[in-house]
Amino acid sequence: MIDRFTTDRKATLTVDGRTFELPIVEGSEGEKAIDIRMLRGKSGYITLDTGFMNTGSCSSDITFLDGENGVLLYRGYAIEDLAGNCSFIEVAYLLINGHLPTRDQLRDFSELLGLFALIHEDMVHFFDRFPPGASPMSILSSMVSCLCNFYPEMNENPMDNIDMMAARLISKVRTIAAFSYKKSLGAPLVYPRHDLSYCANFLNMMFDSPVRSYEVNSTMVRALNQLLILHGDHEQNCSTATVRMVGSARVNLYASISAGINALWGPLHGGANQAVMEMLEDIHASGGDYKKYIARAKNPDDPFRLVGFGHRVYKTFDPRSRIIKKACDDVLASLGINNDPLLELAKEIEEVVLKDEYFIERNLYPNVDFYSGIIYRAMGIPVDMFTVMFALGRLPGWIAHWKEMWDDPNGRISRPRQVYVGPSQRDFVDIGQR
Ligand code: CMC
């Protein structure tokens with residue numbers, strides 16, 4: 001796809017007295033890139049960019065993100081429009097297929113989700129073998145990884161079955177997430193129901209019980225839909241880049257997604273929603289003096305970071321955090337929670353941080369994780385499941401990227417280079433002489 005966007009313009013690089021011309025690529029929203037694919041072959045040089053601060057690993061037509069202006073588009077549609085008007089399933093379809101579904105397409109996709117909602121009964125026994133307190137993220141990634149053994153159609157040409165596999169994953173990951181919660185309680189499993197929507201089904205599997213039936217709450221369903229949509233995709237973040245990288249070795253979809261789940265687990269990435277809630281609880285429990293925590297975050301000798309602030313790409317408000325903040329107010333109001341101390345604390349922290357020179361200079365604004373946990377908590381979702389919720393939302397994005405990567409005729413195995421700084425070749429020393 002890069003070649004389609006290559007312009008007539010060239011960048012020149014002079015090194016060791018020799019000048020090289022490098023093609024300039026311009027994306028559909030005007031982002032510019034210098035195509036260095038031939039650089040090493042021509043000059044012997046590679047580029048060095050630790051943490052990929054400045055490196056495009058692929059071209060993609062799934063998501064556009066403008067971090068300077070706070071713009072986020074999925075397949076060209078503004079996140080605000082999608083979050084305000086669509087169900088998560090519609091957005092999942094959009095991300096994976098590139099267009100919004102018609103009524104018939106949405107019905108067919110929902111049918112597939114209903115059909116695939118169960119997991120193989122042999123897999124249900126796996127839950128019994130995790131030790132008490134096992135992380136739900138490790139359970140999720142293990143279970144997703146082994147799906148390929150139960151649904152091996154993947155091993156043939158994956159593009160023939162991609163719609164089925166996508167529906168299978170989106171539906172089963174929801175079931176696995178809810179089952180892992182029930183197992184962690186030692187409670188009986190609640191199986192998916194055909195008459196409930198995706199989000200309502202999830203909440204029912206989480207909270208229904210033979211001794212107290214769960215009444216699906218429409219405010220919660222709406223909020224959950226919105227949260228999952230907001231997490232749907234975010235271009236080349238750590239977990240998505242992982243899915244593409246692992247998949248580039250031509251490993252199956254389930255194994256690639258499992259790798260993405262593990263990347264998401266990290267507290268600098270999806271794990272931040274859990275870390276934010278733990279931080280707020282900590283501040284609250286220790287008397288509410290959040291200024292002490294802000295001071296720690298600013299101290300260069302202290303590794304502590306104010307979780308829920310900062311983003312590699314956004315240098316202004318994350319548009320998702322605005323929507324989430326509003327959803328947070330709506331959910332709490334509709335549940336009659338008028339003074340949630342953690343929400344008040346979060347708002348006070350945000351207000352102070354937005355006026356603080358340290359955060360202003362570094363463009364550190366609240367990110368998507370800052371308020372999402374407060375909503376999940378109000379829904380009754382335990383803190384250690386927060387990152388699982390992020391994974392449920394991000395799944396369609398991972399699938400869309402895996403599909404795009406697999407289908408790319410110019411695609412190659414991802415294999416970065418390095419600048420070696422270790423010892424030069426030296427004489428081997430026998431173990432007795434060391
Ligand atoms: N609190 C205090 N200082 C911070 C923070 C923070 N949350 N985030 C960045 N900084 C400082 C950092 O110390 C550095 O300062 P200096 O220039 O003096 O060394 C400067 O800001 C730039 O930070 P960086 O680490 O170079 O930026 P990055 O792009 O590598 O990291 C980040 C981005 C999201 C990992 C980082 O902002 C962070 O650790 N935030 C807290 C964790 C968090 O909320 N993560 C969720 C991100 S959004 C959802 C997702 O991606 O999954």
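**Exercise 1. Work out whether Asp-35 is buried or exposed, then find its charged partner**.

Asp-35 has 13% relative accessibility. The cut-off for buried is under 20%, so Asp-35 counts as buried. Keep in mind that we're looking at a predicted model here. Next, the partner: Asp-35 forms a salt bridge with Arg-37, and their closest N and O atoms are 2.8 Å apart. Now check Arg-37 in turn. Its relative accessibility is 48%, so Arg-37 counts as partly exposed.

**Exercise 2. Say which parts of the chain are linked by the salt bridge between Asp-61 and Arg-75**.

Start with the contact: the two side chains meet at 3.0 Å, N to O. Then place each residue. Asp-61 is in the loop between α1 (39–43) and β4 (63–66), while Arg-75 is in the loop between β5 (71–74) and β6 (77–78). The two are 14 residues apart, and the pair links distant parts of the chain. As for accessibility, Asp-61 comes out at 42%, which makes it partly exposed.

**Exercise 3. Find which helices hold Lys-325 and Glu-350, and how accessible each residue is**.

First, the contact: a salt bridge joins the side chains of Lys-325 and Glu-350 (3.3 Å, N to O). Lys-325 belongs to helix α15 (residues 319–334) and Glu-350 to helix α16 (residues 341–354), 25 residues apart. Lys-325 has a relative accessible area of 27%, so it's partly exposed.

Terms used:
Residues are numbered from 1 along each chain as its sequence is written. This is a predicted model: local features need pLDDT of at least 70, side-chain atom pairs count only at pLDDT 80 or more; totals for chains, interfaces and linings use all residues. Side-chain values use heavy atoms; hydrogens and water are left out. A salt bridge is a side-chain nitrogen of Lys or Arg within 4 Å of a carboxyl oxygen of Asp or Glu. Buried means under 20% relative accessible area, exposed over 50%, partly exposed in between (1.4 Å probe, protein chains only). Helices (H or I, at least four residues) and strands (E, at least two) are DSSP runs, numbered from the N terminus.
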